[in-house]
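Here is a short report on a predicted model. Please keep the sequence and the structure in view while reading.

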Amino acid sequence: MGGGARVAGVNLTAAVVIVGTGPAGTSAAWPLVRAGLDVLLVDAGGPIDSPPPDRPTLADVRGDRAGWSYLLGSQMEALCASSGSSPKIRTSFPPGALDGYLQANRISAEGFTAVGLMARGGLSNVWGAGASAFDALELSGWPITLDDLMPSYQDVCRRIGISGSQTDDLSATHGRGLDLDPELALGPLMEALMERYGRRRSSLRIRVGRARQAVLTRARGARGACTLDNFCMWRCAKGSIYNSADEVAVLSQAPNVRLLEHTVVEAVEAGASGWRVRAQDRRHGGSVEIAAGRVVLAAGVLPSTRLVLAALDRYDAPVRLHSTPTFTSVFLDPSYLGRALPVRGFGLGQLTVTMPLDPDHSALGTLFLCDSVSAADLAVAMPFSRRGAIRIARDLASGLLVGLFYLPSSYSNNTTTLIRTRDGAGALHVSGGLQPDALAVMRSTMRSLSSDFRKLGFARLPGSFKVHAAGSESHYGGTLPMGVATSTTGEVVGAPGLFVADGSVLPSLPAKHHTFTVMANADRIGRHLVATEPAPPRTAIGRTARDEVD
Amino acid sequence: MAAPLTDRRLLLNEAVVLLRYLGVTRPALVQMRAYARAVGPSATPLRLPAFVHRWPAALRLLDPLQRSSPLAARLDIACLLLDVSLEGRRLAYAYEPRNRIRVWFALAGTVALEGVMLGARWVAGRVWRA
């Protein structure tokens, strides 16, 4: 880190510092900004270019030489990052946006894939947009209730825009009482599945419904409605898919908000009257120090955990890390072979499937079509030669459904440990794994899913069952659970004024996507900060921070 | 820093072989350049056997079962480059409806051939390493 010569340091002050501009950071920021508090947003990355809004559909770009930069990036970044990357990650980002994450945040991992993006908006640039609320059962054991979260769920839903069904079999699973956009159109194969499901529902254990997605189907301000251009894996050109980077641009226009980018926070330390944030400018290695009344960490689970454990001087003590064990399987409807691939569609998850594991828990999966996936990404998953696999992928694609399934985090067995380093800053080591019964549960769930999918006309492709590396889907958290390591409002126990607003504070993870809950909880923590803002430091908007350059 | 000219020329030749193996009859210069750029400025060309240069389809024999091998990584790049040519689009995506019986036969043929090739690839992988 900071290999080059350091330039002069920068000292800043702020009432509240928020570290991270992903969905958690922006959600925590909104209540503070609306209340007129002096907020400094700090992010390790910077803005990245959005695709042009007039980008053609994916089908139009494929085969078009002029469309190279849309598919591969202007510097062909997608080619350079191809091997082993998930299709969502292997899209057009500036070189280094992915690479520097582990090093800059002092994270090492074994048996665990830690993914982060050094860019404004963090991983919301590439998320799958799944936006389900947790239900009362999933929140049992938490020190807060659904009633505590509901106002924030509603507020975040109104703010980011979520589409989905209010009436199908899974609308309660995804959360009721929310103001939703109309659901996205389904692809033909998904329509067929839903039609068959409607007829055979009573004989099935699975429940199927529309996916709940943070995707607009009605235009909202600068963000357009989804045009079904199938380009979702390459970032949305219309802004239909929620990306917190768009919100950062709006937030930073407020007079009481400052934005400090390309700055990696190295440590947070208790000071005489608040907190001191020590950071480094990644561009030139200059040091940055920020004095703040309160600090909200929303840097992502692993970076936030490292900062908190270091602030508490808690070295060499393993901390549990929850993740949702994930597996994939591919299903084929043979009657769809020979049909043309649709030229338009929504390129992320279209349907959700649940399969009960026991009376209280379910596995949850998202179903994708293959028309938005590169043939190369399908081919790499097959045991055939590339030449054969490309042809097989082409011939099967119109009838394929890819299912991405999750188990609750109780089946995971990961730990994180802050270890001492020579420079004294500490590094976080992650050790990933599964509970002894997890693999067996995944296999039996797969068999049950296959049996039900067969009744719906879909055969599971042999060899398509694959267990993902722990962490690879970025569904993890729980290192600093509320009620144990942090208070019910995310304040670190033993460190008053230091708050955590990302997935670290979720006590457990069900099989559902947890980003919407992280956002709602961050909003709730932001509201708490507003309600408990000490009276004297409150000053006029836009004149609260005193910047001094040494 | 650019690779030495000879290495770069060899990388462009390698791109031609890999793209032709995948079914592209006439790889475009821009595809070849993209390939060379993607493998990186310090990449060394693979030492592919002479018969593969002559008959690129024979690369099927050497297509590695081990997905982490250097040749596998370069084949991944070549596969992605299919997306940016009309011929590649036709090879990789079926945006036009086709006769279902013909699709079934094509699939059966490809899968049968791949089954036969599996053993040969395993043997070839032990004999030849990129």
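The report takes up a sheet in chain A, then the interface of chain B and chain A.

## The sheet in chain A

Chain A holds an open sheet of five strands. The order is 3-15-14-9-18, and the pairing is mixed. Strand 3 (107-110) and strand 18 (476-477) of chain A are the edge strands. Each of them pairs on one side only.

Strand 3 of chain A runs parallel to strand 15 (residues 427-431) of chain A, and four bridges join the two. Within this pairing, Ile107(A) stands opposite Leu428(A) of strand 15.

## A helix across the strands

Helix 10 (residues 301-311) of chain A lies across strand 3, strand 9 (319-323), strand 14 (414-419), strand 15 and strand 18 of chain A. Helix 10 runs at about 125° to strand 15 of chain A.

## Extent of the interface

In chain B, 49 residues are in contact with 46 residues of chain A. The two chains bury about 4300 Å² between them. Carbon and sulfur atoms account for 60% of that area.

## Polar links and contributing helices

Three salt bridges are found across the interface of chain B and chain A. One of them joins Arg98(B) to Asp395(A), with the closest N and O atoms 2.9 Å apart.

On the side of chain B that touches chain A, the elements giving two or more residues are helix 1 (5-22), helix 2 (29-39), helix 5 (70-81), helix 6 (86-92) and helix 7 (100-127) of chain B. Helix 7 of chain B gives the most, with ten residues. This side of chain B divides into 31 nonpolar, four polar and 14 charged residues.

Definitions and conventions:
Residues are numbered from 1 along each chain as its sequence is written. Chains are lettered from A and ligands numbered from 1 in the order in which they are written. This is a predicted model: local features need pLDDT of at least 70, side-chain atom pairs count only at pLDDT 80 or more; totals for chains, interfaces and linings use all residues. Side-chain values use heavy atoms; hydrogens and water are left out. Two strands pair if DSSP finds at least two bridges between them. Contact means heavy atoms within 4.5 Å. Axes are lines fitted to C-alpha atoms, for helices over the stretch in contact, and angles run from 0 to 180 degrees between N-to-C directions. Buried area is the accessible area (1.4 Å probe) that two parts lose on being put together, summed over both. A salt bridge is a side-chain nitrogen of Lys or Arg within 4 Å of a carboxyl oxygen of Asp or Glu. Ala, Val, Leu, Ile, Met, Phe, Trp, Tyr, Cys and Pro count as nonpolar, Asp, Glu, Lys and Arg as charged, and the others, Gly among them, as polar.
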